[in-house]
Amino acid sequence: MASCLKSPSNEDDSVILFSTSDSPEESTSPSSSFHHSPPPSLRTAYKLSIKNLSYTLHPHNTTPFPFCQLTKKPKPVNILKSVSFVARSSEIVAVVGPSGTGKSTLLRIIAGRVKDKDFDIVSISINDQPMTSPAQLRKICGFVAQEDNLLPLLTVKETLLFSAKFRLKEMTPKDREVRVECLMQELGLFHVADTFVGDKENRGISGGERKRVSIGVDMIHNPPILLLDEPTSGLDSTSALHVIELLSSMVKAKQRTVVLSIHQPSYRILHHISKFLILSHGSVVHNGSLESLEETICRLGFQIPMQLNALEFSMEIISRLEDSSFKCETTTIDEKEPLPNPMWPEEENGGIQLKCRKGSFGSFCYLSLLEIFFLCSRFWKIIYRTKQLFLARTMQALVGGFGLGSVYIKIRKDEGGVAERLGLFAFSLSFLLSSTVEALPIYLQERCVLMKESSRGAYRISSYMIANTFVFLPFLFVVSILFAVPVYWLVGLNPSLAAFTFFTFVVWLIVLMASSLVLFLSAVSPDFISGNSLICTVLGAFFLFSGYFIPKEIIPKYWLFMYYVSLYRYPLDALLTNEYWNVRHECFSQQHATEGSQCLMTGFDVLKSRGLEHDNRWMNVGIMLGFFVFYRLLCWIILARKASKTTI
């Protein structure tokens, strides 16, 4: 078991550990990551020291009228107050306490899941070397959040394998495969390797197995310090015990340091925990073993009931423990034990020796292409397995295409046919732009996983956006063909092959624009209800100011900008130009008289009535491509900003 997480190529753990960046900013270039190279014999000794760590939350003023002098400014809330403890290799430290005592906040600060301005550089040190930034902690510490943010349509093996591909890019595919198989064996997941992870809607593995998969995702790069936020929450007693037993065996085999928060552990779980840190109102009331806790309780004059253990009883007398902690200092850091091996070899001047790994531009491009390739592969698996999306988009295109074709079948070439063609194009635009709304819940589900993985440096947000574009381009092109073919030939539009090709191309661009808009709005929206309402509102406004209902000339000046940013206007103009430009000299309405027939409306007259006196089809295509790229760039900026601030 001790060799399970060891690199098959005998690569040093620290090389793997520091080869991945845990923030979007640091992963922009290979030269931005530092390569620390301790000797192999010194790599397993890690001591995490927390000294007088405090954290104060400054809530924002949520009143609707902040300028009103009658409203009081929210008072700062002291979450943590001078917390001190030490966690060493080969031991599990459990952070215990009632709800709201700051357990999760403490773990997130240690894991570097706070903003730089909230980080105290003198409170956290590893091997007596102060950590200067949250990014430095994110490189060293693995963090397992309380929520299992996993993709439900991937199997257990695929989930761990993709995590290995993202975090261990420099390893060979065979070595990554061995690493994943060994990790599944150690976590007891080998029997469900080919089972979907699942969620509330898709049946998959059990809750305990999901928690072990989450642990495996953050253990894949073999971090020396592992932090877990309530890993037993929501599990039955047997599953909870299994999780703790696995952590205990890993700690002993790999000499790792584990700090976890836990809520009401069972009696059997207590034997696997080395030290307990009990918090009350953000302060430490006990720091030590279970035996020392029993002695403290007896010293206070209490007798532990037979049906309770010392930890459970301490929760009942937590106020007395808190009072006694002020009289007797119980939270001092014991420094009598010998200092573990230093984390990095020190130079003669006492500084830390940092070797900056200067990667070439070619290697940077290669790693970026690997990220995009791995993400494309994962995207395709999810799309293929999301039967609702796959079938819904296909059926929408076919039913919409044949339905519209049957309604507008063989439109006549007269004045009435001109109005019918305009209505067909307008309704087709509305149908195509609104048909992408069903992808919103999928984007929202992926966003949680994206925030988690990108904040840990698994890949860049830009790689995610590029991969998303590459995968959806052919998929949406097929959807466009399925819609365009029946509509075009059943209705009897311009019979030119070039006109049909351009029509299909415009339909594809319409769907791509809609997909980019939904992706952007999913990045902005907090949930599905808000996102769905926002999409409907935006599309409705675009349709209103497209020029179909209200001509440009009578749109109020203060709303005129909506005419130019409407996603409906440019494809509508392109479709009309494509239909009538080649037949602009043909007559579509004639007046028969005794002296002969007179043409009342030509194709050019139809275009002129819409202000399309010139062939601007390709300019409209360029604008549509611009919208497609623009909304994806906005989405990238928003997601990158959120990833840099996430605490997942």
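**Notes on the predicted model**

1. R617 and D615 form a salt bridge, their closest N and O atoms lying 2.9 Å apart; a salt bridge here is a side-chain nitrogen of Lys or Arg within 4 Å of a carboxyl oxygen of Asp or Glu. R617 is buried at a relative accessible area of 13%, whereas D615 is partly exposed at 33%. Buried means under 20% relative accessible area, exposed over 50%, and partly exposed in between (1.4 Å probe, protein chains only).

2. The model is predicted, so local features need pLDDT of at least 70 and side-chain atom pairs count only at pLDDT 80 or more, while totals for chains, interfaces and linings use all residues. Residues are numbered from 1 along each chain as its sequence is written, and side-chain values use heavy atoms, with hydrogens and water left out.

3. How many salt bridges does the rule give? The count comes to 14. One of them joins the side chains of E453 and R378, at 3.0 Å from N to O. E453 lies in helix α15 (residues 440-455) and R378 in helix α12 (residues 361-385), so this pair ties together parts that are 75 residues apart in sequence. Helices (H or I, at least four residues) and strands (E, at least two) are DSSP runs, numbered from the N terminus. E453 is buried at 15% relative accessible area, and R378 is buried at 7%.

4. A salt bridge also connects the side chains of E579 and R421, at 3.2 Å from N to O. It links distant parts of the chain, 158 residues apart: E579 is in helix α20 (residues 569-580) and R421 in helix α14 (residues 415-434). Both E579 and R421 are buried.

5. E209, in helix α6 (residues 207-219), is buried yet has no salt bridge. The nearest side chain of opposite charge is R212, 4.6 Å away; Lys and Arg count as positive and Asp and Glu as negative, with His and the chain ends not counted. Leaving aside neighbours within four places in sequence, E209 is in contact (heavy atoms within 4.5 Å) with L189, H191 and V192.

6. Is S248 buried or exposed? S248 is buried, with a relative accessible area of 6%. This residue belongs to helix α7 (residues 237-254). Beyond its neighbours within four places in sequence, S248 is in contact with I92 and H272.

7. C587 is found in strand β13 (residues 587-593) and counts as partly exposed at 26% relative accessibility. C587 and M601 are 14 residues apart in sequence, but 5.8 Å apart in space from C-alpha to C-alpha. Leaving aside neighbours within four places in sequence, the contacts of C587 are C599, L600, M601 and T602.

8. For the chain as a whole, there are 22 helices and 14 strands. Of its 648 residues, 53% count as buried. Among contacts with a separation of 6 or more, 76% are between residues 24 or more positions apart.
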